[in-house]
Amino acid sequence: MDNFLASSLKQFRDFKSLGDRTFSQLNDEQLFWQFNASSNSIAHIVKHLHGNMLSRWIDFLHSDGEKAGRNRDMEFENTDMSRQELLGLWERGWECLFEALEALSTQDLSKTILIRGEEHTVLEAVHRQLAHYPYHVGQIVYIGKMCLDEQWASLSIPKGRSENYNQEKFAQKKR
């Protein structure tokens, strides 16, 4: 189970990195761009992740994961904020998650916590967020690709380069 916690932290860090690398390619306007009025901008998604992370991970083992003061609906409203403020929300949300996970022990994984009054083991709650956050990070990446089109720098194996990538990987010494 120690491996589970270490693996979860690594996966969360990897997904945060995808968002970071997307933000680095986008200008301020693109962070707030919406395809249409009913779609989310990257800013909406960042505000939602921030709200969710604070709600879920603050006082994680002792209070319901849906905090009374959270206004989830406002996370999807357009608000006047700068790139710096938006990325500050992104950083604070992840910082809260990492602090909570790093404080967990193997024994904590079988404890029961609440999310909206529903019981979850800590293990289940971590799995729940390992599904939720990558879903939204994928949306951030996709919107970034839409904004940049041909100027997008791939975050994984670039289109048309799989064969070269595999040759390089298989040529390396086994780890």
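This is a predicted model: local features need pLDDT of at least 70, side-chain atom pairs count only at pLDDT 80 or more; totals for chains, interfaces and linings use all residues.

**Exercise 1. Work out whether Asp-14 and Lys-10 form a salt bridge, and where the two sit relative to each other.**

Solution. 
- Start with the cut-off: a side-chain nitrogen of Lys or Arg has to be within 4 Å of a carboxyl oxygen of Asp or Glu.
- Now check the pair: the N to O distance between Asp-14 and Lys-10 is 2.8 Å, and their side chains do meet in a salt bridge.
- Next, find them in the chain. Both belong to helix H1 (residues 2-23), and because they are four residues apart, about one helical turn separates them.
- Finally, Asp-14 has a relative accessible area of 36%, so it's partly exposed.

**Exercise 2. Decide for Asp-20 and for Lys-16 whether the residue is buried, partly exposed or exposed.**

Solution. 
- The cut-offs first: buried is under 20% relative accessible area, exposed is over 50%, and partly exposed lies in between.
- Asp-20 comes in at 29%, so call it partly exposed.
- Like the pair in the previous exercise, they're in helix H1, four residues apart, or about one turn.

**Exercise 3. Trace the salt bridge of Arg-56 and see which network it belongs to.**

Solution. 
- The partner is Glu-66, with 2.7 Å from N to O.
- This pair ties together distant parts of the chain, 10 residues apart: Arg-56 is in helix H3 (residues 42-57), while Glu-66 is in the loop between H3 and helix H4 (83-102).
- Arg-56 is buried, with a relative accessible area of 5%.
- In total, the model has 10 salt bridges.

**Exercise 4. Describe how H1 and H4 are oriented, and what kinds of residues make their contact.**

Solution. 
- The helices pack at an angle of about 175°, and their axes are 11 Å apart.
- Angles over 145 degrees count as roughly antiparallel, so that's the label for H1 and H4.
- Who's touching whom? Among the contact residues are Leu-9, Phe-12, Lys-16 and Asp-20 of H1, and Leu-87, Trp-90, Trp-94 and Phe-98 of H4.
- Sort the residues of the contact by type and you get nine nonpolar, one polar and six charged.

Conventions: Residues are numbered from 1 along each chain as its sequence is written. Side-chain values use heavy atoms; hydrogens and water are left out. Buried means under 20% relative accessible area, exposed over 50%, partly exposed in between (1.4 Å probe, protein chains only). Axes are lines fitted to C-alpha atoms, for helices over the stretch in contact, and angles run from 0 to 180 degrees between N-to-C directions. Angles under 35 degrees count as roughly parallel, over 145 as roughly antiparallel, 65 to 115 as roughly perpendicular and the rest as oblique. Contact means heavy atoms within 4.5 Å. Ala, Val, Leu, Ile, Met, Phe, Trp, Tyr, Cys and Pro count as nonpolar, Asp, Glu, Lys and Arg as charged, and the others, Gly among them, as polar.
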